[in-house]
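User: I'm new to this one and would like a close look at a single part: the place where the two protein chains touch. Could you walk me through it?

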2 protein chains.
Amino acid sequence: MNIGEAAAASGVNAKMIRHYEDIGLLPRPARAENRYRRYGARDVHELRFIGRARALGFSTADISALLALWRDRGRPSRDVRRLAERHLDDMRRRIANLEDMARNLETLVAHCHGDGRPDCPILDELAGVGG
Amino acid sequence: MNIGEAAAASGVNAKMIRHYEDIGLLPRPARAENRYRRYGARDVHELRFIGRARALGFSTADISALLALWRDRGRPSRDVRRLAERHLDDMRRRIANLEDMARNLETLVAHCHGDGRPDCPILDELAGVGG
DNA sequence: CTTGACCTTCCAACCATGGGAAGGTCTATC
DNA sequence: GATAGACCTTCCCATGGTTGGAAGGTCAAG
């Protein structure tokens with residue numbers, strides 16, 4: 001099947017399929033006589049794998065490692081879990097950062113009249129007034 | 001004062017000060033005879049403003065708007081608050097996305113032995129096994 | 001005069017994704 | 001068999017925030 005069909009079948013668009021090939025995440029596929037890329041069921045399977053990993057927030061570097069682990073039937077599940085835990089920690093850190101910022105901004109917004117008057121605690125805080 | 005002192009005084013490093021100038025966030029400063037940028041207390045104040053806004057997660061585009069609102073003494077606080085609320089919504093969306101991913105991955109990690117055995121629900125899920 | 005710290009501009013990289021140009025190929029329809 | 005439209009190819013560029021470095025000018029202290 002051509003790249004467009006593989007994209008439709010996997011949910012990964014053609015542009016990204018070429019990109020994943022570029023960065024070595026996917027092996028270079030066989031080419032037809034017209035130089036079109038040719039994909040099979042196995043490729044679509046890997047593309048779906050990538051799509052699901054992306055949906056869990058894994059970076060392409062992580063996905064590369066996950067694919068290698070997946071291809072290696074005998075790998076210890078320890079390795080997979082460790083990778084997932086590192087990613088989880090990273091996400092928790094990002095969440096905590098965002099929540100910190102959101103909480104602070106929420107407080108400021110709550111104290112801002114938000115009407116026609118010019119005085120505004122949000123700008124005051126940013127300007128370092130009384131902070 | 002030179003850019004290095006302004007950086008030290010504001011907490012925004014020199015590289016970023018030049019960048020903010022490039023993208024029009026800051027006015028181009030006066031230059032000394034040696035072409036060095038010259039900054040004053042007002043500039044340091046604006047840089048601190050930018051630093052605090054970045055710490056609240058505002059994009060440079062938002063900060064540009066906030067600076068304009070700040071400089072305009074008569075602006076209605078409504079405008080500031082609206083901008084802040086949009087940013088808050090955006091952050092909440094990002095948090096929700098991350099939490100979704102983290103929850104899903106947590107479940108998978110919890111079900112993975114994480115020992116020497118090869119079977120791993122994380123890879124199974126990514127591969128679409130039983131999913 | 002030399003050394004080292006500072007400054008200048010310019011170029012490039014990260015990451016994932018998307019847009020688009022310029023050109024080749026296939027398929028359906030007239 | 002011509003033409004249209006959908007598909008494919010490679011290539012370059014942009015995003016956003018930040019960092020790194022190269023190559024060169026300037027200044028202060030020794």
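Analyst: Let's start with one pair you can find on screen: A:Glu106 and B:Arg92, whose side chains form a salt bridge with an N to O distance of 3.1 Å. Keep in mind that this is a predicted model, and that the distance is computed from it. The rule finds two salt bridges across the interface of chain B and chain A, and the pair you're looking at is one that meets the cut-off, a Lys or Arg side-chain nitrogen within 4 Å of an Asp or Glu carboxyl oxygen. Polar contacts between chain B and chain A come to 20 residue pairs, both residues at pLDDT 80 or more.

So what builds chain B's side? Helix 3 (41–55), helix 4 (60–71), helix 5 (77–110) and helix 6 (121–127) of chain B are the elements that each give two or more residues to the side touching chain A. Sort chain B's side by class and you get 27 nonpolar, 10 polar and 16 charged residues.

Now step back to the whole contact. Chain B puts in 53 residues, and chain A puts in 53 residues as well.

Note on methods
Residues are numbered from 1 along each chain as its sequence is written. Chains are lettered from A and ligands numbered from 1 in the order in which they are written. This is a predicted model: local features need pLDDT of at least 70, side-chain atom pairs count only at pLDDT 80 or more; totals for chains, interfaces and linings use all residues. Side-chain values use heavy atoms; hydrogens and water are left out. Contact means heavy atoms within 4.5 Å. A polar contact is a pair of N or O atoms within 3.5 Å; within protein, one must be able to donate a hydrogen and the other to accept it, and residues adjacent in sequence count only if both atoms are side-chain atoms. Helices (H or I, at least four residues) and strands (E, at least two) are DSSP runs, numbered from the N terminus. Ala, Val, Leu, Ile, Met, Phe, Trp, Tyr, Cys and Pro count as nonpolar, Asp, Glu, Lys and Arg as charged, and the others, Gly among them, as polar.
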